[in-house]
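Trainee: I would like to learn how to read helix packing and charge pairs from a model. Can we work through one case?

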Amino acid sequence: MNKQNIICGLFLAACAALVPSVVWAVEVPGRAGVPGVGQDYTVPAVGTIPLSREEFRRRVVDYSNQLKMSRENLAAAEFKVKRAKTGYYPSLGAQASFSYLTNQPMSFDIPGFSLKDYNYTTQLAIQQNVYTGHAVTNQTRAAQIERSIAEIQSEMTLENVVYSADLTYWSLSAAQQQRDITRVYVRIVDSLYSIVNTRFQDGYVSRTDLLMVETRLNEAKLQEIAAEKLFRSSLQNLNTLMGNLQPEGFFATDTIAQPVEMPGQVSLASVLAVRPDYRIAQRRLDLSNQNIRLARAQYNPQFVVGFQGIYGTPEINLTGDGKLYGVAFAQLNMPIFRWNERRHSVNMARAAARSSQWALLDAENSVNGDLAVARTNMEQSYEQVKVAEANLNVALDNLILNTFSYSEGKLPILDVLSAQLAWIQSYTAFVNSNYNYKVSIADYYKAQGTLAQQVVPPVLPAGM
């Protein structure tokens, strides 16, 4: 065997070992392997902490400041309901006053008495709303509707947090896969450069071939730097979403190319029953209708009874001695004429209710559109995955065949470089199409309003 055949054989073995082993590392369906693969050159992900998508979701949900704010808003709505209900109960209040008069403008000439220059009074009063024109009842019902809106808004916040977590995780998984395969691409081109350089030193190839391979090697290294930059940026975003001030070296255990079943179609009625934004629109319409009743109630008669205990000096204080006495009272307030203020208030509330009705119809149209667009994007993304997978298999076959042909002197080095470039491009398209498919699935679940339901609650230790 001559020296040229030995070198060509080494190059062929390097490419046959490097290229197929990386492709099979992402489990491209339909390929069982390539004979002659002697070792695995798959580059492991940098990081020591494995992280699944479900675990990442839980960590993000536990840390999310947005969810904490939504919980506080819900707590405020709860307190608003409790405050509204206090209108049903008696109220107790106290009041005290003291006054001192200087340079009295008048004097009393009463034998044995002189006008005191000070007065003081303390009061303790209890009163009960007997009839409020249903104002308290309507205020309580309005507050309860606002509380239900806050609950749904908390669900919507959870939906958005989980959606953001999914996009961040799949971004890391895609960047991780792209970085790893770009590193292998650099190794493949570097192996080719070593072989061509040896052949050039022995006078078997021209310097032009060597320069072409060297140029391609530098381009591959630039791609590796860009892929590393994207991976580190994605890793930082992952840590930020979990609240890690000091970034940790995670790696995604759910690969971007792992198969995910496409969700089935659902009816619009079932989606409307769970979509948070549509349910909020429904409750806002209920609140608008309740505000109409509340606007009327403000102008209904109101009847209050109570008792007031008073201790203090009389207004004309001659002795300076305080006295204790009590006052029972009943108070009726009845608006009679306010220049159509009530009618204007009610009409204003009715206009707001009509606006809420249109908003509800608009929300239904929006949900229907979101669902249709998300379904179409998901189906088309799945078709792109299948085409990208087939193209990757073809590019791999082409690379292997061109490598064999070059080793036998049937093709120039340019064909091998073109085959390598086509392979890395098809692999990049394969990763991107899988990423788009994963994102489209998250979009579809979000359009259904069921994304947050997929969050698995953490398993607590026994006894907790």
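Predicted model: local features only at pLDDT ≥ 70, side-chain atom pairs only at ≥ 80, totals over all residues.

Trainee: What describes two packed helices?

Mentor: A packed pair is described by two values, the angle between the axes and the distance between them. Take H5 (residues 207-242) and H9 (residues 413-448): their angle is about 10°, and the axes lie 10 Å apart. H5 and H9 are therefore roughly parallel to each other, and their crossing is left-handed.

Trainee: Which residues of H5 and H9 make the contact?

Mentor: From H5 the contact uses Asp 209, Met 212, Val 213, Arg 216 and Gln 223, and from H9 it uses Ile 413, Leu 414, Leu 417, Ser 418, Leu 421 and Ile 424. Sorted by class, that contact of H5 with H9 has seven nonpolar, two polar and two charged residues.

Trainee: How do H8 and H9 run, roughly parallel or roughly antiparallel?

Mentor: Start with the axes of H8 and H9, which come within 7 Å and cross at roughly 160°. Angles over 145 degrees count as roughly antiparallel, so H8 is roughly antiparallel to H9. The crossing of H8 and H9 is left-handed. In the contact of H8 with H9 there are 23 nonpolar, 14 polar and five charged residues.

Trainee: At what angle do H2 and H4 cross?

Mentor: H2 and H4 (residues 135-201) cross at roughly 135°, and their axes come within 9 Å. That angle makes H2 oblique to H4. The crossing of H2 and H4 is right-handed. On the H2 side the contact is made by Arg 53, Phe 56, Arg 57, Val 60 and Val 61, while H4 contributes residues including Leu 158, Tyr 169 and Trp 170. The classes in the contact of H2 with H4 are nine nonpolar, one polar and three charged residues.

Trainee: What follows H8 and H9 in the chain?

Mentor: H8 is followed by Gly 409, with a positive phi near 75°. Just after H9 comes Gly 449, whose phi is positive at about 85°.

Trainee: Now the charge pairs. How many salt bridges does the structure hold?

Mentor: Side chains of opposite charge can pair when their charged atoms come close. The structure holds 18 salt bridges. One of them joins Glu 55 and Arg 58, with the closest N and O atoms 2.9 Å apart.

Trainee: Why are Glu 55 and Arg 58 separated by about one helical turn?

Mentor: An α-helix has 3.6 residues a turn, so residues three or four places apart point the same way. Glu 55 and Arg 58 are three residues apart in H2 (residues 53-63), and therefore about one helical turn separates them.

Key
Residues numbered from 1 in each chain as written. Heavy atoms only, no water. Axes fitted to C-alpha atoms, helices over the stretch in contact; angles between N-to-C directions. Helix = DSSP H or I, 4+ residues; strand = E, 2+ residues; numbered from the N terminus. Parallel < 35°, antiparallel > 145°, perpendicular 65-115°, else oblique. Left-handed = near helix turned anticlockwise from the far one by under 90°. Contact = heavy atoms within 4.5 Å. Nonpolar A, V, L, I, M, F, W, Y, C, P; charged D, E, K, R; others polar. Salt bridge = Lys/Arg side-chain N within 4 Å of Asp/Glu carboxyl O.
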